[in-house]
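Here are some quick notes on the charged pairs, as promised. Have the model open while you read.

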Amino acid sequence: MRLWMIVPEPTLRALERGRVLVADGRRAIRDFRPAYRWMADQMAMRLGPPPRRRAVPWWAWARWGGSRSGRPDLRCSAHLPRGTRGYRLTIEMPAEEVLLSDFDDWHFVLNGSYLTLDEAEWDAFWAEMDAAGHSAQWPYPEPFRTRAEATWQRIFDLDRTGRDPAWCGTSEDQGIQATFWQLHADCVLKAEMFTAR
């Protein structure tokens, strides 16, 4: 499976020295760690256990936004901090080692929110929360938390079954992210240097 990653120069150099890298999560933004653990749990169930205890996913693109080529556009900002030298890696991974998910929908997991298929479902959920006297602050009280977490499985439905395109967007604009446990130097087909804007 062809994927693309954006990495800072030290990551590429470490990969060249070590030949295999496993992410450990120490540099992950603290507020995002619960969502990363959730994704790691999904990967363990779907792909098998991590190679090391407390490993976190590597992230790549199977398709960046609405890009025809799938590759991240290096002219865009926010890939890395401005002025940072980085690399767009083209990698080839065995499909059975990769978990694909919808990038935009991933933000519902990241932000601890209920992932809806349409506006009516969104309105109904929040009406129930309001009627129960609860705020939108995560974590929601039960049974709302369990209900919200159950909707997160929808990020793996790349066909966007049952979704209202006016609410969720179209599959043509869909960014598809890829997560995997290990980055092998042998999987890197090309490394294109750039300076982040």
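Is Arg85 buried, partly exposed or exposed? At 41% relative accessibility, Arg85 counts as partly exposed (buried is under 20% relative accessible area, exposed over 50%, partly exposed in between, with a 1.4 Å probe and protein chains only).

1. Ground rules. This is a predicted model, so local features need pLDDT of at least 70 and side-chain atom pairs count only at pLDDT 80 or more, while totals for chains, interfaces and linings use all residues. Residues are numbered from 1 along each chain as its sequence is written, and side-chain values use heavy atoms, leaving out hydrogens and water.

2. Overall count. Searching the whole structure turns up 12 salt bridges (a side-chain nitrogen of Lys or Arg within 4 Å of a carboxyl oxygen of Asp or Glu).

3. Glu9 and Arg85. These two form a salt bridge, with the closest N and O atoms 3.7 Å apart. Glu9 sits in helix 1 (residues 9–18) and Arg85 in strand 4 (residues 85–92), 76 residues apart; helices (H or I, at least four residues) and strands (E, at least two) are DSSP runs numbered from the N terminus. Glu9 is partly exposed, at 22% relative accessibility.

4. Asp186 and Arg19. Here the closest N and O atoms of the salt bridge are 3.0 Å apart. Asp186 lies in the loop between strands 7 and 8, and Arg19 in the loop between helix 1 and strand 2, so the pair ties together parts 167 residues apart in sequence. Asp186 is exposed at 65%; Arg19 is partly exposed at 42%.

5. Glu192 and Arg88. This salt bridge has its closest N and O atoms 2.9 Å apart. It links strand 8 (Glu192) to strand 4 (Arg88), 104 residues apart. Arg88 is buried, at 8% relative accessible area.
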